[in-house]
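Biologist: I have a new model open on my screen and would enjoy a guided tour. Could we go through it together, one question at a time?

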Amino acid sequence: MTVLFSSILTSRSLGNFSFNVINKACACLKSSTVFRDSMETASDLTYIEVKDDNPLDLFREWQQEAKNCATIMPATFCLATVSKEGKVSARNLILRRLDEDGFVMMTDRRSRKSQNLSEVPSAAMCFLWAYKNDTGEHVARQVRIEGPVAEMKKEDYQELYDSEPLPCKIRSHICHQGKKVEWDELKASHDRVMQSVVDGKTDLPMPDHFVAYKLEPLTMEFYGQRDHLIADRVSFAKDSKTGAWNHHHLAA
Ligand SMILES: Cc1cc2nc3c(=O)[nH]c(=O)nc-3n(C[C@H](O)[C@H](O)[C@H](O)COP(=O)(O)O)c2cc1C
């Protein structure tokens, strides 16, 4: 708990007495660590502490904290893509894996997003984690990620398909994502496939239209806020020549 509270979102001193002192002094009744922190660094500003230059580490840390605090669907993000005509669209997806070189997502190759990505192979992801931490504070965190997107080789995501639950495998066999459908026909199709599985006639191999993409992050921006405090933002950019990450704080 101590680490959770003090490591990432701390308040930085403005030197003046503030609302935050009162709130934190109340919090000290629950935790001496919180009190010590409030006395040393009280302010109305959230502060995002960057412990090392790799933003993926901070991403993992924030996502883990969201999971620890029982956040609903901490792997969900909004993906924005654009068509060649410049029409933007956005939808929620699940982050399937985080590799050292990027964020892995899966979908139907026949979908609108896949069409967009084939025309403009670049996208923006946006994660939102909003929860109450173990000291009762409301935490709101957002991570924005932008970069090129590439289709992955089948062998690099086969295991992701294999580990899908049965209903998801059935869906990927019977649903042509984005196509008009009659519910009764879909139900009949579902029942046929389910019966084949029960009869041992198919183990639902990965269909050709099942595709995974990896977004390589070139910029990542973290936004963090606790309770009523003024939020902090940290922007990371990857140097295209050296591959090194630089970062700086941004006004909220
Ligand atoms: C929480 C949540 C998670 C989702 N995860 C995925 C996913 O991982 N892959 C996917 O193709 N669609 C997923 N969807 C459905 C998409 O939001 C979207 O409806 C679908 O992919 C079609 O988008 P498109 O027509 O823009 O291509 C998810 C929806 C929700 C609400």
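Biologist: Let's start with strands S7 and S8: over how many bridges do they pair?

Modeller: Keep in mind that this is a predicted model. In it, Phe-127 stands opposite Val-143 in S8. S7 and S8 run in the antiparallel sense, and the number of bridges in their pairing is 11.

Biologist: Which residue in the hairpin of S7 and S8 takes a positive phi?

Modeller: S7 covers 122-132 and S8 covers 138-151. The hairpin has five residues between the strands. The one with a positive phi, near 85°, is Gly-136.

Biologist: Which residue in S9 is the bridge partner of Asp-108?

Modeller: Here we move to the pairing of S6 and S9, which is antiparallel over six bridges. S6 spans 102-108, and S9 spans 210-215. The bridge partner of Asp-108 in S9 is Phe-210.

Biologist: How many of the six residues of S9 are buried?

Modeller: S9 pairs with S6 over six bridges, and three bridges join S8 to S9. A residue is buried if 20 or more other C-beta atoms lie within 10 Å of its own. S9 is mostly covered, and the count of buried residues is five.

Biologist: Which residues have the most contacts inside the largest nonpolar core?

Modeller: That core has 27 residues. Elements that give two or more residues to this core include helix H4, strand S3, S7 and S8. Val-143, for instance, touches Phe-59, Trp-62, Phe-127, Met-220 and Phe-222, not counting residues up to four places away in sequence. Those with the most contacts inside the core are Met-125, Val-143 and Leu-215.

Biologist: Why does Gln-142 count as partly exposed?

Modeller: Gln-142 lies in strand S8 and touches Cys-126, Phe-127, Leu-128 and Tyr-223, not counting residues up to four places away in sequence. A residue is buried with 20 or more other C-beta atoms within 10 Å and exposed with 12 or fewer. Gln-142 falls in between because its number of C-beta neighbours inside 10 Å is 17.

Biologist: What distance separates the C-alpha atoms of Gln-142 and Gly-224?

Modeller: Along the chain, Gln-142 and Gly-224 are 82 residues apart. Across the protein, among contacts between residues at least 6 apart in sequence, 67% join residues at least 24 apart. For Gln-142 and Gly-224, the C-alpha separation is 6.6 Å.

Biologist: Now the ligand: which element gives the largest share of the shell around it?

Modeller: There are 15 residues around the ligand, and Arg-91, Thr-107, Ser-111, Arg-112 and Lys-113 come nearest. The elements that give two or more residues to this shell are strand S4 (88-94), strand S6 (102-108) and helix H5 (112-119). By class, the shell has four nonpolar, seven polar and four charged residues. The largest share, five residues, comes from S4.

Biologist: In which loop is Leu-204 found?

Modeller: Leu-204 has a positive phi near 50° in a residue other than glycine. Leu-204 is partly exposed, with 17 other C-beta atoms within 10 Å. Its place is the loop between helix H8 and strand S9.

Biologist: What is the phi of Asp-227?

Modeller: Asp-227 lies in the loop between strand S10 and strand S11. With 18 other C-beta atoms within 10 Å, Asp-227 is partly exposed. Although Asp-227 is not a glycine, its phi is positive, at about 45°.

Biologist: To finish, what percentage of the residues of the protein count as buried?

Modeller: The secondary structure comes to eight helices and 12 strands. The protein has 252 residues, and the share that count as buried is 23%.

Key
Residues numbered from 1 in each chain as written. Predicted model: local features only at pLDDT ≥ 70, side-chain atom pairs only at ≥ 80, totals over all residues. Near = placed C-beta within 6 Å. Helix = DSSP H or I, 4+ residues; strand = E, 2+ residues; numbered from the N terminus. Nonpolar A, V, L, I, M, F, W, Y, C, P; charged D, E, K, R; others polar. Core = buried A, V, L, I, M, F, W, Y, C linked by C-beta atoms within 7 Å. Contact = placed C-beta atoms within 7 Å. Pairing = 2+ DSSP bridges.
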